Amino acid sequence: MNQASWETLSLKDLGEQIGSGRLDPRELVDYFLNKIEREREKERIFIEIYSEEARRFAREAYERARNHQRLSLYDGIPLAWKDNFDIAGKSTTAGLPILRNRIARENAPIYRMAVNAGLICLGKTNMTELAFSGLGINPAFGTPRNPFDSQQARVPGGSSSGSAIALARGLCCASLGTDTGGSIRTPAAWNNLVGLKTTAGLLPTEGIVPLSQTLDTVGFLTRRVEDAAALYHLFTGQPTLNLAKPNFEDINLLVCTNVVWEQIEPEVAETIEIFLQKAATRGVKIDRQPIPEFEKVFELVNTYGNIVSYEASKNWLSFLLANPGCISEGILDRFRSGAAISQSNIDKVYQGLRELQRQYLEHTLNYNAVLMPTVVTVPPVIKELDADKSKYNSENLLSLRNTRLINLLSLCALSLPVGMTKSNLPVGLMLVGSPLNEKVLLELGLVLETLLGTGNINS
């Protein structure tokens with residue numbers, strides 16, 4: 001078998017080949033570790049690489065497969081993990097060098113689930129400092145470069161920057177990250193990947209360095225919807241998806257027309273419209289109308305305060321102020337801003353969001369999903385952001401504007417790659433579902449993915 005094909009096989013195919021003895025997990029892990037070693041960007045992509053442990057786990061997976069004692073279909077498959085998940089005996093930096101000595105005493109529950117299924121961790125990936133940015137820039141550990149522009153260094157998207165770039169560069173089979181305001185979906189959109197943001201509370205966040213306990217969620221970055229569905233099934237224990245032949249005529253979608261299209265770059269809008277027209281041609285019913293609840297969410301937050309800033313400040317501000325220079329000044333400003341928000345005002349935000357969620361769900365009840373651009377821009381050029389602080393701030397806000405609506409309303413969402421701009425940069429379309437409705441979103445994503453001919457990357 002051509003080893004390069006291992007990068008494009010689905011998780012299911014890899015698992016079945018390991019189970020049948022056609023694929024040796026030791027060779028699979030060696031292949032990715034060797035590719036990581038040759039990668040020029042490796043020190044910006046990975047904060048730490050676990051070569052010795054990964055090879056040991058691969059040997060154990062090989063023995064289990066040989067003895068027909070596999071832990072799951074995915075036993076022996078190597079993944080990359082964002083460096084805010086605790087792994088026993090390893091440091092968890094959350095993108096801050098000052099936390100290098102923060103050694104985890106035990107595995108985060110979500111990582112323990114992965115170990116129990118036989119998944120192998122290749123290493124911890126880089127991220128925005130304390131996960132508080134959508135651009136993916138990290139001046140301390142370096143910023144992994146977006147692979148879709150060889151001429152100019154563009155941002156990777158964040159905060160799960162290393163997890164996205166590791167996968168986009170073919171250094172792992174899939175990767176895990178977190179999403180508090182778009183940290184899975186923004187890098188997915190900017191790297192031609194699928195990104196699943198799960199409903200808050202669906203998967204455990206204990207043992208994950210917190211930013212905002214109310215909004216923090218675990219998410220998956222994959223090359224195809226099928227792989228996101230496989231990880232969703234593995235970690236939730238939910239029934240497997242319906243992989244039946246697509247029936248486009250049964251799909252009823254609502255494209256939001258207000259707020260989320262503002263400031264969109266023409267090439268991004270054009271790429272999404274081409275995809276939507278293709279879906280309509282195949283029989284998908286597409287309505288277009290404003291969703292007033294989205295505007296009301298922004299009005300509420302702008303009036304009374306941002307949950308992320310408030311909770312992040314409670315979690316980290318005293319530590320950051322006690323250790324001057326340990327974090328970028330621009331990100332420190334975001335932690336400082338949360339200190340100015342009163343408890344009474346943030347209570348109004350919590351209460352207001354619950355009511356707006358109720359209104360939103362009532363408004364969208366008759367649709368399979370709501371659609372909008374994941375991000376309205378292509379990834380910005382890093383040197384332009386470095387030279388202009390106001391541009392950095394505005395681009396960061398824009399990178400998370402659409403995605404954070406979903407976190408604030410406690411919904412689930414899937415970012416689906418739907419094409420490339422004329423300048424060959426990826427574009428993502430976000431499918432939004434009601435709380436705990438990931439299964440419907442994933443089944444819808446499987447159908448829509450076939451419009452691009454990417455349901456099977458090897459076809």
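Let's start with a pair of strands: β5 (residues 194–197) and β6 (residues 217–222) run antiparallel and pair over four bridges. Here strands (E, at least two residues) and helices (H or I, at least four) are DSSP runs numbered from the N terminus, and strands pair if DSSP finds at least two bridges between them. Within this pair, glycine 195 sits opposite leucine 221 of β6.

Bear in mind that this is a predicted model, where local features need pLDDT of at least 70 and side-chain atom pairs pLDDT 80 or more, while totals for chains, interfaces and linings use all residues. Residues are numbered from 1 along each chain as its sequence is written, and side-chain values use heavy atoms, with hydrogens and water left out.

Now for the helix α15 (residues 389–408). Contact means heavy atoms within 4.5 Å; axes are lines fitted to C-alpha atoms, for helices over the stretch in contact, with angles from 0 to 180 degrees between N-to-C directions.

α15 also packs with α10 (residues 292–304) at about 85°, with the axes 11 Å apart. α10 and α15 are therefore roughly perpendicular, a label for angles of 65 to 115 degrees. Phe294, Val297, Phe298 and Val301 of α10 meet Arg401, Arg404, Leu405 and Leu408 of α15. That makes six nonpolar, no polar and two charged residues.

The largest pocket holds about 680 Å³. On a 1 Å grid over the protein atoms alone, a pocket is an open set of points with protein on both sides within 12 Å along at least five of seven lines, and a cavity is a set where a 1.4 Å probe fits but cannot get out; lining residues have an atom within 4 Å of a point. Of the pocket's 33 lining residues, Asn306, Asn396, Leu397, Leu400 and Arg404 are closest to its centre. α15 gives the largest share of the lining, eleven residues.

Notes:
Parallel < 35°, antiparallel > 145°, perpendicular 65-115°, else oblique. Nonpolar A, V, L, I, M, F, W, Y, C, P; charged D, E, K, R; others polar. Points joined across faces, edges and corners; volume = space filled by probe spheres on them.
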